[in-house]
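Student: I would like to learn how to read a structure that is new to me. Could you take me through it step by step?

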Amino acid sequence: DRSKAQSLYLNLSSFNYFRNYEYFDKLADGQTLFGTRFTPTLVYYPNENLSLRAGILVQGDFGASKYRQVARVFSLKYKLQHIDFVFGAIEGNINHRYIEPLYDYERLIYPSLEYGAQFHINSKRVFLDTWVNWEKFIYPGDESSEKITGGVSSEFQLLNPDKRFNLSVPAQLILFHSGGQLDTLETPVQTVSNAAIGVKASYKFNGFLKRLYME
């Protein structure tokens with residue numbers, strides 16, 4: 001968008017959540033998530049393809065004596081038609097479009113900020129999200145391991161998405177790495193992966209019933 005070139009914007013984002021578990025079992029023992037997250041950022045466009053974002057994230061639970069998270073937000077994004085690259089605070093959480101067994105939706109609440117790099121393709125035929133989140137950085141002699149999460153989330157349209165009947169294949173992979181050569185621990189390096197592949201089908205209607213779909 002050429003109109004955004006040499007422009008500065010103020011973006012105010014608020015996410016409010018309430019999720020209550022009244023279970024008495026090993027799944028979730030009476031946990032309640034009730035709070036808000038506020039993220040004011042400044043977004044500057046040096047040109048129509050490049051944007052720089054800087055701000056702060058403040059998140060707190062109602063009734064708590066301290067904030068859950070206060071963190072800086074900084075990212076660089078280059079976008080060209082259906083392709084974009086993000087460096088810094090990536091577009092994470094539910095934006096990855098993982099199925100819930102691979103990536104719990106509650107990660108939108110905690111941890112709520114992912115830092116690393118991300119490559120996107122988002123067209124009518126292809127959705128591709130390749131990303132890495134550097135969760136824990138270590139220095140020489142640290143008594144902790146580095147932690148890195150990354151993966152690939154994709155969906156490929158097999159038919160014309162503008163037609164009534166649609167058929168697509170989602171393929172997803174997520175990796176978690178813990179280790180490093182700089183720490184003082186004697187624990188082994190670990191890399192854990194989970195993957196999923198499937199089929200989605202849908203049919204659009206013109207009447208009261210809008211869409212019928214299967215995953």
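**Strands, pocket and cores**

Tutor: Strand 3 (residues 50-61) and strand 4 (residues 69-80) run antiparallel and are joined by ten bridges. Strands here are DSSP runs of E with at least two residues, helices are runs of H or I with at least four, both numbered from the N terminus, and two strands pair if DSSP finds at least two bridges between them. This is a predicted model, in which local features need pLDDT of at least 70 and side-chain atom pairs count only at pLDDT 80 or more, while totals for chains, interfaces and linings use all residues. Residues are numbered from 1 along each chain as its sequence is written, and side-chain values use heavy atoms, with hydrogens and water left out.

Student: Which residue of strand 4 does Arg53 stand opposite?

Tutor: Arg53 stands opposite Ser75. Strand 4 also pairs with strand 5 (residues 83-89), in the antiparallel sense and over six bridges, and there Lys79 stands opposite Asp84. Strand 4 and strand 5 form a hairpin with two residues between them, and Gln81 in the turn has a positive phi of about 55°.

Student: How many helices and strands does the chain have?

Tutor: The chain has zero helices and twelve strands.

Student: How should I read a pocket?

Tutor: Rolling a probe the size of a water molecule over the atoms shows where empty space is left. A pocket is an open set of points on a 1 Å grid over the protein atoms alone, where a 1.4 Å probe fits and protein lies on both sides within 12 Å along at least five of seven lines; lining residues have an atom within 4 Å of a point. The largest pocket holds about 840 Å³ of space, a volume being the space filled by probe spheres set on the points, which are joined across faces, edges and corners. Its lining has 39 residues, of which Arg53, Ala89, Ile90, Glu91 and Asn95 lie nearest the centre. Among the elements that give two or more residues to this lining are strand 3, strand 4 and strand 5.

Student: And what is a nonpolar core?

Tutor: A nonpolar core is a set of buried Ala, Val, Leu, Ile, Met, Phe, Trp, Tyr and Cys residues joined through side-chain atoms within 4.5 Å, where buried means under 20% relative accessible area with a 1.4 Å probe, protein chains only. The largest one is made up of seven residues, Val86, Ile90, Tyr98, Leu102, Tyr103, Trp131 and Ile174. A second, separate core of five residues includes Leu57, Ala71, Val73 and Ala89. Of the 215 residues of the chain, 31% count as buried.

Notes: Buried means under 20% relative accessible area, exposed over 50%, partly exposed in between (1.4 Å probe, protein chains only).
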